[in-house]
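Let's take a friendly walk through a protein model. Have a look at the sequence and the 3D view before reading on.

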Amino acid sequence: MDAVVVEDLQKAYGSTRAVAGVSFTVGFGEIFSLLGPNGAGKTTTMEILEGYRRQDAGNVVVAGFNPGDRRTGRQLREQIGIVLQDLAVEPNLTVREMVSRNSGYYPNPRPVGEVIELVGLAGKEKAQVKSLSGGQKRRLDLALGIIGNPRVLFLDEPTTGFDPSARRGAWEVIRELRDLGTAIMLTTHYMDEAQELADRVAVISGGKIVEEGIPATLGGRDRARARIRFLLPDGYSAADLPVPATAGEDGRLVVEADDPTELLYRLTGWAVEHHTALPSLTVDRPSLEDIYLGLTTVQTEAASGVAPGARRGATP
Amino acid sequence: MTAGVSSHTESAAASPRRNAAALVWHQIRYEQLSFWRNPQSAFFLFAFPLVFFAILAGVFGNTVLFRYDGRTVTGLQYYSSTIAAVSVMGACYSQLAITVSLRRQEGILKRLRGTPLPAWVMFAGLVAHCIIISFIDVALILIMGVLYGVPFPAHWDAIIVTLVVGAAAFCALGVAVANLVRNAEAAPAVVQFIFFPLVFISGTYFVITSKALNDLAGIFPVRPFNQALLNPFAFDRGFAGHQLLVLAIWGVVGGFVAVRRFRWDPRPE
């Protein structure tokens, strides 16, 4: 059984089609990341799965339940954990009280102390929530999301506002939960986060999934041409170079190639011969962010017409 | 898909849910904890009526405020009823209207909706918490009254029933008003805007002799609540049937708005 099944999901607010035919599945023990710009339909999709909103059309199954069915709402919520974008914790309770309170809502919670430790709040048990820093509150939020031992965990931009080491810590927790068999749905603005965590990603734009795959190969990243970039050494012009180069956005020159080995050899050989250097020399392939920006920019430009990347049905 | 999944399902099936009463108690405990940790709100809801009663009882203690039905009603008797009523209204109506609108705006309600806690348990916990605060407040006012020398009331059944009906009605009205508040920062102002004029025309702080004003105030819930408490406190009488009915009707109307217009989400769809 899949943890989450979404088939042709649709939701409109007035005349705005927030979600226009989205389908995907998430398995247990898998981290699935939904990427997309603000207003692309990420949060609406998540909120339908979490049972906060009802879809206009399409089927949704979460941990075997229909989230829109009020009769099974409590059973569903015993199986899921939710970390929303907004911080929402009682200011006057302590960390331990807050986690203990919520643990009482679940039939099979994780041990309170273990969860506090897992999110890195050990030593803060007796601190009142209002005295915590933004990042610590966010970690408390994560603790509340996982205290019920969920089979499906929804994380809506979980590490926004974290410092780099807290982020690493949270990633560690999320991976551990995945390895324990939890299905995790993650939305994020950080491409490095998706790259680090996600087993699969889907890029959503204009209410549709425009690309889906594993982070390493999304949008043909692995097959994309390599880019050699460097600054022109003083006293030379682009015409002096042994290879054709174009001007890049950051002021550096760019040489593209399927296999950069030979070009790089010619370039560095030329530099050594002329007793000069190639400042700021880098060789890379498009990052997940480059692919993401490419996909979502096309979508935004095409927003008025039919989205070119849309492969799934459901046009009005 | 992986080995971890089976352990999840097995253990989930193994532990039953807590029973409803235990869950309500759990909820009340944390409401109490949260309340007493916030000295400011605790002071205004809790100590404010006591301070008021101490002052009014001190100033008007044995002064005869008015005669009714051949009886004299002293300041002590009068204010122990009306201040008890106002403390219940503060603990139920004002507290709920402000707490619920604030929790909604801050996303705490939405967050709670994402847990398995049943909605009715959340409400039961909140209402029970408010009733506990009201009862402690009323008990302290009574004790102060006795210390000042007010005669101990005889009709306890009428006092308890009136307090329960009043507390329930004002809880319902509090949640109803919370549903009408769009911006939680404005909640205290909205709450007072409705509350203060009613309290004044209902004779809470001074006796109103205008019949027209009394008739008008009698339509709203504050004066009937005062009157229903004056019965046992000042007139040595039992249940005030008519006043309790008016209170109950307001409670039902408030309850209807509270439930039908309730939103978990800070942003309406």
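## A residue and its neighbours

Leaving aside residues up to four places away in sequence, Ala167(B) touches Val88(B), Cys92(B), Cys130(B), Ile131(B) and Ser134(B). Keep in mind that this is a predicted model.

## Over to chain A

Here are some overall values for chain A.

| Feature of chain A | Value |
|---|---|
| Helices | 9 helices |
| Strands | 13 strands |
| Span of the C-alpha trace along its principal axes | about 75 × 55 × 35 Å |
| Buried share of the 316 residues | 44% |
| Share of contacts with a separation of 6 or more that join residues 24 or more positions apart | 68% |

Now find helix α3 of chain A, residues 95-103. Why is this helix largely enclosed by the rest of the structure? It is so because 8 of its 9 residues are buried. Among them are Val95(A), Met98(A), Val99(A) and Arg101(A). Which helices do the buried residues of α3(A) pack against? In chain A they meet α4 (112-118) and α5 (134-146), and from chain B they meet α2 (20-36).

Methods
Residues are numbered from 1 along each chain as its sequence is written. Chains are lettered from A and ligands numbered from 1 in the order in which they are written. This is a predicted model: local features need pLDDT of at least 70, side-chain atom pairs count only at pLDDT 80 or more; totals for chains, interfaces and linings use all residues. Helices (H or I, at least four residues) and strands (E, at least two) are DSSP runs, numbered from the N terminus. A residue is buried if 20 or more other C-beta atoms lie within 10 Å of its own, exposed if 12 or fewer, and partly exposed in between; C-beta atoms are placed from the backbone. Two residues are in contact if their C-beta atoms, placed from the backbone, lie within 7 Å.
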